[in-house]
Amino acid sequence: LREGGFLWGGTPDKRDHQKSIGEIISQSYGQKPSTLLFVLGDNFYDDGIDSVNHERFKTDFHEVYQVPSFVVLGNHDFNIHGFGVQGKRGQYIPGMGTGTPPMSRAMLQVEHTYDRANTTNNWNMPNRYYALFSEQNKVDFFCLDSNTLPFDQDQISWLRDVYAQRADNGHRKVLIQHHPFLAAGSRLTPGHFEGDVAQYAR
C-alpha cells in the first residue's frame, strides 16, 4: 500500500522480543497513521488461549502492539502442533492433551473482538475468515483460516463467492493466511506439509 503496512506471524514467546517489535510498529504508525497491520497467526504460543479474556490478550498484545491490527489464526492458536493441516483425512488434528477443543479454542480469539473487555479496538478478527476492501488503494484482502481451508467447504464456498463478486473491479487481490505456499528451513524437509501447495492452490 502507498501508506505502508506490516505483516508478521508467529508472535514471539519472549516478552523483550515482543516489545522491540511493538516499538518499531508503534513508531511507524505514529509517522503514518494509515499503516495497515496484519498479524499472521500463532498469536499465542504454544497452545493458544482458553478464555475470551485471557490475561495474555493484555500482556502479549494490547500492552505491546498498540495499533489497530487485523488478525488471522495459526495452528498453535488451535493447539495444533507440527503439521498445520490434515487434508487427507478431512478432519482437524486433535488438540494436544485435554481441555478446550481446537475449534472452540480458536474461536475465543474471534469472540475477543466483540467482547467489551477489548477496549482498545486494536484486536480485530471478525471471523475465522473474512475480507477487507480498500476502495482508496484499490486492494482487496482475503483473510483466511489456512488451518482448515483445504477441507473446509463453508470457507471454500465463501471465498469463491466473495472473490467472484470482486473479480472484475480492477483491484489487486491479496491473500492473507498463516501457512505460506513456500517456506524455508525445516519446512523444506521431504514429507513436511506434503501436498499443502496443491491443496491451497486448487
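How many helices and strands does the chain have? The chain has 5 helices and 7 strands, taken as DSSP runs, with helices being H or I of at least four residues and strands E of at least two, numbered from the N terminus.

The model is predicted: local features need pLDDT of at least 70, side-chain atom pairs count only at pLDDT 80 or more, and totals for chains, interfaces and linings use all residues. Residues are numbered from 1 along each chain as its sequence is written, and side-chain values use heavy atoms, with hydrogens and water left out.

Of the 202 residues, 45% are buried, meaning under 20% relative accessible area with a 1.4 Å probe, protein chains only.

Now strand β2. In a regular strand, side chains alternate between the two faces of the sheet. Here both faces are covered: Leu36 and Phe38 are buried on one side, Leu37 and Val39 on the other. β2 pairs with β3, residues 69-71, in the parallel sense over 2 bridges; pairing takes at least two DSSP bridges. Val39 stands opposite Val71 in β3.

Next, helix α2. With 6 of its 8 residues buried, α2 is largely enclosed by the rest of the structure. Those buried residues include Arg56, Asp60 and His62.

Last, the largest nonpolar core, which has 26 residues. Such a core is a set of buried Ala, Val, Leu, Ile, Met, Phe, Trp, Tyr and Cys residues joined through side-chain atoms within 4.5 Å. Phe38, Trp123 and Met125 are among the members that touch the most others. Elements giving two or more residues to this core include β2, α2 and α3.

Technical notes. Buried < 20%, exposed > 50% of the residue type's maximum accessible area, 1.4 Å probe, protein only.
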